[in-house]
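Subject: Structure handover

Hello,

Here is the structure I promised to pass on. Please open it alongside this note; my findings follow below.

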Amino acid sequence: MRWNRYKGFLLLALGLSALVQVAYLRTHEFPALLGGLFLEMAATVADSGTLPTTIDGFTPAGVPFAYPPLGFYVMAVFLKLGVDGVALLRFGAPVVLLGIVALVYHLTWVLTDRSETALLAGIITGTHVSLNVYLLGASGFVRGLGFIFMLVAMLGAYQYFANDGGGGHWPPRPSVGGSSC
């Protein structure tokens, strides 16, 4: 396997992100930021097989289930397979964040065709304090999957339009009087 700048810089960005995540995991024994709520939501989905309207036990009337369900379905599968819920929340979110770093790196590389710029974007994504707090807490597994799908959609949209899929105009031109300019 031949190493090139793309791969080397990607590994550097992932490595620096992993260092930040290991530091977080060593200082936090339990999932932070609504860990119990998200685990209860996943357990409810695993037990019922469907999305509930509320999650009982957190308020007298329950908490409305108003989150994107994909993360909870994925968590429910892991719970059904016997994975410990606390371990899933602690270690699943960092894995998802590494996927986000790789996608940000790749998207930046595609947009700029520069490995250095992609490296900077990957390092910022993987080590930024606010983003790590947002994505490494217990809710990061659910939010992180949404972030991944957003990045995949952005990459797909860019490649669609950049490869003449949008009718040959980037950005798309507005039509005047029903005809294209």
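A crossing of two helices is called right-handed if the near helix is turned clockwise from the far one by less than a right angle, and left-handed if anticlockwise. By that rule, helix 1 and helix 4 cross in a right-handed way. Bear in mind that this is a predicted model.

**The helix 1 and helix 4 pair**

Two packed helices are described by the angle between their axes and the distance between the axes. For helix 1 and helix 4, the angle is about 150° and the axes are 10 Å apart. Angles over 145 degrees count as roughly antiparallel, so helix 1 and helix 4 are roughly antiparallel to each other.

Which residues make the contact? Helix 1 contributes Arg5, Tyr6, Phe9, Leu10, Ala13, Leu14, Ser17, Ala18, Gln21 and Leu25. From helix 4 come Arg90, Phe91, Pro94, Val95, Leu97, Leu98, Val101, Ala102, Tyr105, His106 and Trp109. By type, the contact of helix 1 with helix 4 has 16 nonpolar, three polar and two charged residues.

**The cores**

The largest nonpolar core has 33 residues. Within it, Phe72, Met75 and Ile100 touch the most other members. Two or more residues each come from helix 1 (5-27), helix 2, helix 3 (70-80), helix 4 (85-112), helix 6 and helix 7 (140-162). Helix 4 gives the largest share, eight residues.

Take Phe72 as a place to look. Leaving aside residues up to four places away in sequence, Phe72 touches Phe38, Met41, Ala42, Val45, Phe65, Tyr67 and Val142.

There is also a second, separate core of six residues. Leu10, Ala13, Val101 and Leu119 are among them.

Asn132 lies in helix 6 (residues 129-136). Is Asn132 buried or exposed? Asn132 has 6% relative accessibility. Buried means under 20%, so Asn132 counts as buried. Beyond residues up to four places away in sequence, Asn132 touches Val20, Gln21, Leu97, Thr125, Gly126, Thr127 and Gly137.

Asp47 sits in helix 2 (residues 35-48). Its relative accessible area is 68%. The cut-off for exposed is over 50%, so Asp47 is exposed. Along the chain, Asp47 and Leu79 are 32 residues apart, and their C-alpha atoms are separated by 9.6 Å.

Best wishes

Methods. Residues numbered from 1 in each chain as written. Predicted model: local features only at pLDDT ≥ 70, side-chain atom pairs only at ≥ 80, totals over all residues. Heavy atoms only, no water. Helix = DSSP H or I, 4+ residues; strand = E, 2+ residues; numbered from the N terminus. Buried < 20%, exposed > 50% of the residue type's maximum accessible area, 1.4 Å probe, protein only. Contact = heavy atoms within 4.5 Å. Core = buried A, V, L, I, M, F, W, Y, C linked by side-chain atoms within 4.5 Å. Axes fitted to C-alpha atoms, helices over the stretch in contact; angles between N-to-C directions. Parallel < 35°, antiparallel > 145°, perpendicular 65-115°, else oblique. Nonpolar A, V, L, I, M, F, W, Y, C, P; charged D, E, K, R; others polar.
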